[in-house]
Amino acid sequence: MKRIVLWFSSTATAVVLLFSFHTSTQGAAAGVRNSAAAGVVTSGGTTTVTGTSADTRYGPVQVRITVSGGQLVSATAIVYPTGGRDSEINSYAIPVLDKETVAAKSASIDSVSGATFTSQGYVQSLQSALDQAHL
Amino acid sequence: MKRSWVEQLMGMPISLLARGPDARDDRVHLAVQQVYADLRDADATFSPYRPDSEVSRLAQGEVFEWSDELREVMQLCDEAEKLTRGAFNARTPDGVWDPSGLVKSWAAERATRHLEGLRVDWCLNAGGDVVVGCPSGEPFRVGIQDPHDPAGIVAVIERSSGGVATSGTAARGAHLYDPASGAAAGGYASVTVAGPSLRVADVLATAAFVRDLTVLSSGYEALVVHLDGSQSTTPGWTNDNSVVSSPDWA
């Protein structure tokens, strides 16, 4: 359980990094969807893990993953700031989250080498998160 | 058995993956804490963003007793400048000494000394620069990020020792230039260099990115992603784990 929580904080951190990269001059978000209770739910062969909400400068971010048969099926930000410039950030950040999850999984890689920038940091955090979850 | 750790240090996530029967052993966990302690120390000494770091104090013209680490990094920066015929230079155009281009990989590689002698394979990733050690002989698979699509990978290489470093400007625009000529880098989308030392690979990746592949040293091989998305490699580059010793590229 502790491992899962760690995993989650990594993923949440990753999202936070993306948010911080596209620096917005705007303050707190205009609106935020209600957060869900953190925890693990197993149904059939599928486990859904909901992370704790992480506060970012734009507002709270909360991430949920689904694991089935030992494979990461999806990673989704279920709570994120909305409104103004932040919507642009979200429309960028969230598809990347799903896409990279799939890319990292399909290539069965252990690590990623790339030019240092924040999205790259995200990739690594996700990869590390995958390892912590033993996927 | 695998275990990994991630900490945000020096402005980037630094992740460490341990693999092997002892990956969850307390000794490994303690060694990893020492790795991160090393990296925190390096940040305290070399961060240009910390007013009390030795680098900041140097920049302010303060006179103080230099640490052994500062002397070592100064010497390595000088060596890197010579090795690359000026394509790597730790001095900014306005004369400030900023070794950030070398410190990250130097500190990462140095910190892995705490992992020697343990019965685990390890892979340390410092913001995109990767160094691995595999006593088992089984390599790690390192994806090379696509500079035109940060979510994609252009190649996967397997390595059981040494470092892999990538230099590029995809996300931040042109921020690198050739210190010798002052010309902005722009010939490649990214350059990845692999070889026995991560620190040297990092220096060479930066130098090759701002100039060209003639700066590469013997034992270091490169994969280039061009601006049009095509790729090329040096003759000795291999995606598998075979040990390559190629003739000097220059």
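Which hand, left or right, does the crossing of α4(B) and α5(B) have? The crossing of these two helices is right-handed in this predicted model. The paragraphs below set that crossing in its context.

Chain A contains three helices and eight strands. Along its sequence, the elements of chain A follow the order α-β-β-β-β-β-β-β-α-β-α. Chain A has 135 residues, and 47% of them count as buried. In chain A, 62% of the contacts between residues at least 6 apart in sequence join residues at least 24 apart.

Chain B contains five helices and 10 strands. Chain B has 250 residues, of which 44% count as buried. For contacts in chain B with a separation of 6 or more, 53% come from residues 24 or more positions apart.

Nine of the 12 residues of α4(B) are buried, so the helix is largely enclosed by the rest of the structure. The buried set comprises B:Leu102, B:Val103, B:Lys104, B:Ser105, B:Trp106, B:Ala107, B:Ala108, B:Glu109 and B:Ala111. The cover over these residues includes the helices α1, α3 and α5 of chain B. It also includes strands β3 (121–126), β4 (129–133) and β7 (161–168) of chain B.

Two packed helices are described by the angle between their axes and the distance between the axes. Helix α1(B), residues 26–46, packs with α4(B) at an angle of about 150°. Their axes lie 9 Å apart. That angle makes α1(B) roughly antiparallel to α4(B), since angles over 145 degrees count as such. The crossing of α1(B) and α4(B) is right-handed. From α1(B), the contact uses B:Val35, B:Asp38, B:Leu39, B:Ala42 and B:Phe46. From α4(B), it uses B:Val103, B:Ala107, B:Arg110 and B:Ala111. By class, this contact has seven nonpolar and two charged residues, with no polar ones.

Helix α5(B) spans residues 198–210. Its 13 residues should span 18 Å at 1.5 Å a residue, and the end C-alpha atoms of α5(B) are 18 Å apart, which agrees. In α5(B), 13 of the 13 residues are buried, so this helix is largely enclosed by the rest of the structure.

The axes of α4(B) and α5(B) come within 8 Å. They cross at roughly 160°. The two helices are therefore roughly antiparallel to each other. On the α4(B) side, the contact is made by B:Gly101, B:Leu102, B:Ser105, B:Trp106, B:Ala108 and B:Glu109. On the α5(B) side, B:Leu198, B:Arg199, B:Asp202, B:Val203 and B:Thr206 take part. By class, the contact of α4(B) with α5(B) has five nonpolar, three polar and three charged residues.

B:Arg85 has 13 other C-beta atoms within 10 Å and is partly exposed.

How values were computed. Residues numbered from 1 in each chain as written. Chains lettered and ligands numbered in written order. Predicted model: local features only at pLDDT ≥ 70, side-chain atom pairs only at ≥ 80, totals over all residues. Buried ≥ 20, exposed ≤ 12 C-beta atoms within 10 Å, placed from the backbone. Helix = DSSP H or I, 4+ residues; strand = E, 2+ residues; numbered from the N terminus. Contact = placed C-beta atoms within 7 Å. Axes fitted to C-alpha atoms, helices over the stretch in contact; angles between N-to-C directions. Parallel < 35°, antiparallel > 145°, perpendicular 65-115°, else oblique. Left-handed = near helix turned anticlockwise from the far one by under 90°. Nonpolar A, V, L, I, M, F, W, Y, C, P; charged D, E, K, R; others polar. Expected span 1.5 Å × (residues − 1).
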